[in-house]
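Dear colleague, please find below the structure that you asked me to look over. My remarks come after it.

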Amino acid sequence: MPSSTRQQSKLVDESVPADLNIPDNYVQHTLKTIKPLPPVTWSNWTTELDYLNVAILTLTPVVGLVGAYFTELRWETCLFAIFYYYVTGLGITAGYHRLWAHRAYNASLPLQYFLAIVGAGAVEGSIKWWSRGHRAHHRYTDTDLDPYNAHRGFFYSHVGWMMIKPRRKPGVADVSDLAKNPVIRWQHKHYIALIFLMGFILPTVVPWLLWGDAQGGYIYAGVLRLCFVHHSTFCVNSLAHWLGETPFDDKHTPRDHLITALATIGEGYHNFHHQFPMDYRNAIKWYQYDPTKWFIWACQKLGLASHLKVFPDNEVRKGQLTMELKKLRETQEKLSWPNDSNDLPVISWESFQEQALKRPLILISGFIHDVGTFVDEHPGGPHLLIKFIGKDATTAFFGGVYDHSNAAHNLLAMKRVGVLHGGAPHGLEDKMIPPSQRLKIARYTELTSPYNSSTAYSDGEGMLG
Ligand SMILES: [Zn+2]
Ligand SMILES: [Zn+2]
């Protein structure tokens, strides 16, 4: 009786979202008020290790390698081991990750049971435990509330976090939807039995019954395959936060890379995934390697999956454009640009004439240019420049003598030393802006607003008048 009451109250608790009543400043508040356990050092490591996880993570490769030394690898067993690697790996990527942690699609009951069973063969904890940690990882990425915080290093985010007792509880994440799911509850209840059945017994029995290779099945499809599934899926937390590009957002560590995708059954487009976690895809282009996406899509075609979530392309492309503009802006900032009319002295016609006697000044589209360093380099010959010293060469420059190209116009603008008093005559506006500046990447604070643009201001005045 007491145990059933306890169970009941536990069930009631679990049906309420765990994050319903957290304070608005939850992250800072928690990091500040709840102290983590002391760091693991040489003096305390014996009491701080998680010995069960350490045993699982170290014994599998040792038993696998020693076993492989004494066991002949038959091609049937080899193919089966690879096949079984994909099957159990998909249990994690298509099941644990995209279906349950992210609700990226709906799966029919048979598909749910299939994924829960083969997922247990990857020996990475129950769906409930795994998804709870993963939801915290997405919500608190790169903070100490992220159980595999990538800022703590590659080894820590790969396996280190499992080998020691957690330094602090992962940040709160709601898993009330999972607590209600009968398949997840069933898997949680029978988890230990499922590990042995799917992790070791099935991969031993199948090669034994079909081609008489129980030992090979155990070593290659059981133990070594498990080792590969482990490190392949662990790469999502380590490699995918370390190697590659950030085409959608660079605020956090997740990255996109083909190598990670190859290593993780398609989970390597992790920059996209952290931006659009409920999307059933990781790779959005058809030629990118994402077998997990293909599997879910095929399940949909077979009527086993439905409601595949896809983020609107328009929003995805906004993210990409932002990052492309950011890169272009960096390029733009590395270049030097001509002075604009606000930064240059205003020079009268008389003064221009006077100064042109001392140095080679040429007027083009309202700007006075000092071509002193360029006379000898002028492709058309120095004489064409010399004859315009102290004169207006606008017409000649823009096609009268030679219709100069973008490069010439850009270069000319760099030689500006002043603006002719009285401004440029009408019709020159287009000629005053060098081609390199006609399209520019501007921060929002640099954009024309009614409050900082003289043009718009005078328009406003006109309206008031
Ligand atoms: Zn991640
Ligand atoms: Zn995820």
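The points below go from the whole chain to its sheet and then to single residues.

1. Basis of the note. This is a predicted model, in which local features need pLDDT of at least 70, side-chain atom pairs count only at pLDDT 80 or more, and totals for chains, interfaces and linings use all residues. Residues are numbered from 1 along each chain as its sequence is written, while chains are lettered from A and ligands numbered from 1 in the order in which they are written.

2. Overall form. The chain holds 22 helices and 6 strands; these are DSSP runs numbered from the N terminus, with at least four residues (H or I) for a helix and at least two (E) for a strand. Its radius of gyration is 33 Å, well over the 23 Å given by the globule rule for 465 residues, so the chain is more spread out than a compact globule. The radius is taken over C-alpha atoms, and the rule is 2.2 Å times the number of residues to the power 0.38. Along the principal axes, the C-alpha atoms fill a box of roughly 105 × 55 × 55 Å.

3. Of the 465 residues, 33% count as buried. A residue is buried if 20 or more other C-beta atoms lie within 10 Å of its own, exposed if 12 or fewer, and partly exposed in between, with C-beta atoms placed from the backbone. Among contacts with a separation of 6 or more, 69% join residues 24 or more positions apart; a contact requires C-beta atoms, placed from the backbone, within 7 Å.

4. The unreviewed UniProt entry places "domain: Cytochrome b5 heme-binding" at residues 362–421. UniProt positions follow the numbering used here, feature names are shortened, and annotations may be inferred rather than shown by experiment. Over residues 362–421 the chain is 28% helix and 20% strand, with end C-alpha atoms 14 Å apart.

5. The sheet. An open, mixed sheet is formed by 4 strands in the order E3-E6-E5-E4. E3 (346–347) and E4 (361–364) are at the edges with a single partner strand each, so one side of each has no neighbour in the sheet. Pairing requires at least two DSSP bridges between two strands. E3 and E6 (residues 416–420) run parallel, joined by 2 bridges, and isoleucine 347 has leucine 420 as its bridge partner in E6. E5 and E6 run antiparallel with 3 bridges; here isoleucine 368 is partnered by glycine 418 in E6.

6. Positive phi values. Arginine 103 has phi near 50°, although not a glycine, and lies in the loop between H5 (75–101) and E1 (106–107). With 16 C-beta neighbours inside 10 Å, arginine 103 is partly exposed. Serine 365, also not a glycine, has a positive phi of about 40° and lies in the loop between E4 and E5. Serine 365 is buried, with 24 other C-beta atoms within 10 Å.

Note on methods. Contact = placed C-beta atoms within 7 Å.
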